Amino acid sequence: MEVIRTLEEEGTDNTRPPAKKVKEKNIKKLTVTPIRKLQEAPRQSLNKTIKFKIKASNVKPLASQVAGHGTKQTSSSNRGMYMYGDEYVLKPVQPAPKGLREVEFYQHISSSPLPLDKQFYALMPKFHGTEWMKNEKINDEQFIILENLSQGMDQACVMDIKIGAVTYGPDASEEKMRKENSTYLGTKKPLGYSVLGIVGRSKECERIRLDRSFGMNLSTDSVMDTLRIFLNQNDHLPNTKLVAQAFVKLLNSFVDLFREQTSYHMFASSLLFVYDFKCMQLPNMDEASIENHVRLKLIDLAHVFPANGARDENFLFGLENLAKLFNDFVNSV
């Protein structure tokens, strides 16, 4: 038995909405616009961007997910990410207020006419709306529908790196701050980033999966191992340097934006690095052709806050150090 719900039926979090409608006079008193009101705008309807109904029975777990809910080996939760066909990724909406913020930010940034917002959206997966689903494994949950960044790749390699020496927002509790400050000690504070996980390939195309424990044990002295593994340096493949150079070019676009923008501060957001392993051994590849096999996008946007005219030094610090890591790798190959 499967149930699909459209945007017009959604509530303010990832639980089933109440049957009664909220009175307009009560809405006016709220300091945050309810998600239901935001979703009534024409651009925000999933059915206007996807021409078919997503069937819960046809979704499957996202094999290339490297971090986030549902990825811990000890977890019995079904709240991981899913795929629908080759084109779409379904991300569970988190409990309020995080889930509400993330959906609202995607809705805003994907429809905004402002030049800065268009720059940001170009660096993010395409947003296709939200959808409610239910089947024997999914308990009537709301999902964010995003572009699948590994679409069209035969042997996708994926790396998730969380950016920032501070990975909690200004609304965080003391317990949350203590928890975040106690993790990824070898790279988070000194370098401004944390390696959450890697899905790579061996020369024989066997899948290699490294979870958060790998990143937790990294230090400033060993952090280069991240790229040696992700880009398979030890197998001396012919196009390793070209792939790394492509990521440097993409990273520089993020650095350039964050050196200038003073609209948003982002906490606990990640960069998702994706490339097709088969391009490592393709003949006659150059810088232009290799770029078709390499992608880099900004993900995890539940902790975006107004910058009030101040540069996001926390995020920029991590970006610049990560760009330096890739540049050092290129120079060593």
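Glu174 and Arg178 both lie in helix 6 (residues 174-181), 4 residues apart, about one turn of the helix; helices (H or I, at least four residues) and strands (E, at least two) are DSSP runs numbered from the N terminus. This is a predicted model, in which local features need pLDDT of at least 70 and side-chain atom pairs count only at pLDDT 80 or more, while totals for chains, interfaces and linings use all residues. Residues are numbered from 1 along each chain as its sequence is written, and side-chain values use heavy atoms, without hydrogens and water.

Me: How far apart are the closest N and O atoms of Glu174 and Arg178?
Reply: A salt bridge needs a side-chain nitrogen of Lys or Arg within 4 Å of a carboxyl oxygen of Asp or Glu. Glu174 and Arg178 form one, with their closest N and O atoms at 3.9 Å.

Me: Is Lys91 buried or exposed?
Reply: Buried means under 20% relative accessible area, exposed over 50%, and partly exposed in between (1.4 Å probe, protein chains only). The relative accessible area of Lys91 is 10%, so Lys91 is buried.

Me: How many of the 14 residues of helix 4 are buried?
Reply: Among the buried residues of helix 4 are Glu102, Phe105 and Ile109. Helix 4 is largely enclosed by the rest of the structure, because its buried residues number 11 of the 14.
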